[in-house]
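Take a look at the model below. Then read the short report that follows.

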Amino acid sequence: MRYKVTFAVGLALGYVLGTRAGRERYEQMKKSARELAQNPAVRNAAEQAGQTSRQYAGKAFATVSEKVGDHMPASVTQRVRSLRGRGPEFEDEWGTSNT
């Protein structure tokens with residue numbers, strides 16, 4: 001319950017501050033965010049972080065698969081095995097690739 005109240009207070013505070021700042025400040029923040037996202041250094045860092053996380057996820061998947069083995073229900077193992085067939089050129093529903 002405490003987290004719900006904290007979230008509601010944060011939401012209300014954000015709304016009040018946002019309405020006081022006005023449309024001009026919103027557009028300024030939007031422009032700054034767009035420029036930051038298009039910065040080559042930021043894009044390279046994000047891509048590197050994505051590649052690193054995919055590598056760690058692959059290692060974690062292999063480790064868990066080895067340790068869990070046949071202890072999982074058949075319905076779960078069928079789903080996981082179907083993911084293996086996708087291979088490294090897998091493209092997820094977000095439009096990102098593993099390259």
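## A salt bridge

Glu47 and Arg54 join their side chains in a salt bridge. The N to O distance is 3.6 Å in this predicted model. The count of salt bridges comes to one.

How exposed are the two partners? Glu47 has a relative accessible area of 36%. That value lies between 20% and 50%, so Glu47 is partly exposed. Arg54 has a relative accessible area of 30%. Arg54 is therefore partly exposed too.

## The fold

How many helices and strands does the protein chain have? There are three helices and zero strands. Along the sequence, the pattern reads α-α-α. Helix α1 covers residues 2-38, and Val9 sits in this helix.

## A nonpolar patch

Val9 also belongs to a nonpolar patch on the surface.

Is Val9 buried or exposed? Its relative accessible area is 53%. Exposed means over 50%, so Val9 counts as exposed.

## The whole chain

The protein chain has 99 residues. Buried residues make up 2% of them. Here, buried means under 20% relative accessible area.

The accessible surface of the protein chain comes to about 9,000 Å². Carbon and sulfur atoms account for 59% of that surface.

Methods: Residues are numbered from 1 along each chain as its sequence is written. This is a predicted model: local features need pLDDT of at least 70, side-chain atom pairs count only at pLDDT 80 or more; totals for chains, interfaces and linings use all residues. Side-chain values use heavy atoms; hydrogens and water are left out. A salt bridge is a side-chain nitrogen of Lys or Arg within 4 Å of a carboxyl oxygen of Asp or Glu. Buried means under 20% relative accessible area, exposed over 50%, partly exposed in between (1.4 Å probe, protein chains only). Helices (H or I, at least four residues) and strands (E, at least two) are DSSP runs, numbered from the N terminus. Accessible areas come from the Shrake-Rupley method with a 1.4 Å probe; for residues, only the protein chains shown count as cover. Patches are made of residues with over 30% relative accessible area and no salt bridge: like charges are joined within 9 Å, nonpolar side chains (Val, Leu, Ile, Met, Phe, Trp, Tyr) within 5 Å.
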